[in-house]
Amino acid sequence: MGIKTPYVCEIAPDTYAINEFGLNAMFLCVGSERALLIDTGTGVCDLKAEVAKLTDKPYDVVLTHGHVDHAGGMGAFEKVYIHEKDVQMAKDITVERRKDYADTLGKMNGYNVYDYSTDMVKAWDSYPEFVLIDEGYVFELGDRSLEVFFAPGHTPGSITLLDRKNRIHFSGDACNGNTLCLGASITTLYHTAEKLKALEPYFDQDFNGHHGYAGVPSCLSQKKTVRDDVMEICRQILKGTANVTEQAFLGGTSKGANYGNARVVFNDKTPMIEEGEVPVEL
Ligand SMILES: [Zn+2]
């Protein structure tokens, strides 16, 4: 029992959130000429069929980063756009890893809300073609466009997308209420949050890749303070004043610190600063 299909919510005109059983949220932006699918989920649902219900326009597929819950469904598509620093991560995704992730989130109350099982996760026959994108790349959809911003920290090659006309920012996992800093230094994450904060005049809504996480369905824009909160947490971690606590996470142990409405999660391998980086003013 539970919600049987991915649930779809029109979050703005011609803009849809497709939530895959609480595992992740994908977004479909439909323009006058083309559409853009942001992320492919874990590959539990038939995402192509879901998109076909929403648009008959040709569409491109972009991955905000190479994690299993965003790139795991890429095998259904012939071509995906991705930052080069996350390509290998996406290629390393196995069917076992996809099943593990789906099962872990299911046990985090997901199975009480959604009707899915790991049997729905099938191996892909081949990789899609990877088309490399970086800061400044623009997806032109006709009467709207989405601009790419490089936003490392969560992963080395994370990106976000800004729709200036509709004033919507799609932030992937780059900066949210539970930002995992596992792909770069705390200093890198700070600079990314600062950069995304500078975009605030250009968007009213900000959707991350985990709206409706695990067993809590939702498709609301995330809290406006999230970028400030993440910056403050990074500052406190760098200063050594953060109240760092340990937590069990996806089979291992991580550390994390909170401020405001956000938490930044990191581990012993997360550097404070890397060579060549501009230090944060503390
Ligand atoms: Zn991620």
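This is a predicted model: local features need pLDDT of at least 70, side-chain atom pairs count only at pLDDT 80 or more; totals for chains, interfaces and linings use all residues.

Guide: Numbering starts from 1 along each chain as its sequence is written.

Some context before zooming in. The chain has 6 helices and 16 strands, taken as DSSP runs (H or I, at least four residues, for helices; E, at least two, for strands) and numbered from the N terminus. With a radius of gyration of 18 Å, close to the 19 Å of the globule rule, it is as compact as a globular protein of that length; the radius is taken over C-alpha atoms, and the rule is 2.2 Å times the number of residues to the power 0.38.

Now the part I picked: an open sheet of 4 strands, ordered E12-E16-E15-E14, with mixed pairing. Strands count as paired if DSSP finds at least two bridges between them. At the edges sit E12 (178-180) and E14 (245-249), each pairing on one side only. From one strand to the next the twist averages 35°, using axes fitted to C-alpha atoms (for helices, over the stretch in contact) and angles from 0 to 180 degrees between N-to-C directions. E12 runs parallel to E16 (residues 262-266), and 3 bridges join them. Asn178, for instance, has Arg263 in E16 as its bridge partner.

H5 (residues 186-197) has 12 residues and spans 16 Å from first C-alpha to last, close to the expected 16 Å, where the expectation is 1.5 Å times one less than the number of residues. Its buried residues include Ile186, Leu189, Tyr190 and Leu196. The buried residues of H5 pack against E12 and E16, as well as strand E10 (159-163), E11 and helix H6 (226-239); contact here puts C-beta atoms, placed from the backbone, within 7 Å.

H6 has 14 residues and reaches 20 Å, close to the 20 Å expected. Among its buried residues are Val226, Val230, Met231 and Cys234, along with Arg227 and Asp229. The cover over the buried residues of H6 includes E12, H5, E15 (252-259) and E16. Just past the helix, Gly240 takes a positive phi of about 85°.

Val230 and Cys234 turn up again in the largest nonpolar core, which has 74 residues: with Phe27, Leu36 and Val264, they touch the most other members. Such a core is a set of buried Ala, Val, Leu, Ile, Met, Phe, Trp, Tyr and Cys residues joined through C-beta atoms within 7 Å. Leaving aside neighbours within four places in sequence, Phe27 is in contact with Thr15, Tyr16, Ala17, Ile38, Phe170 and Phe207.

E11 (residues 168-172) pairs with E13 in the parallel sense over 4 bridges, and His169 stands opposite Asp206 in E13.

How values were computed:
A residue is buried if 20 or more other C-beta atoms lie within 10 Å of its own, exposed if 12 or fewer, and partly exposed in between; C-beta atoms are placed from the backbone. Two residues are in contact if their C-beta atoms, placed from the backbone, lie within 7 Å.
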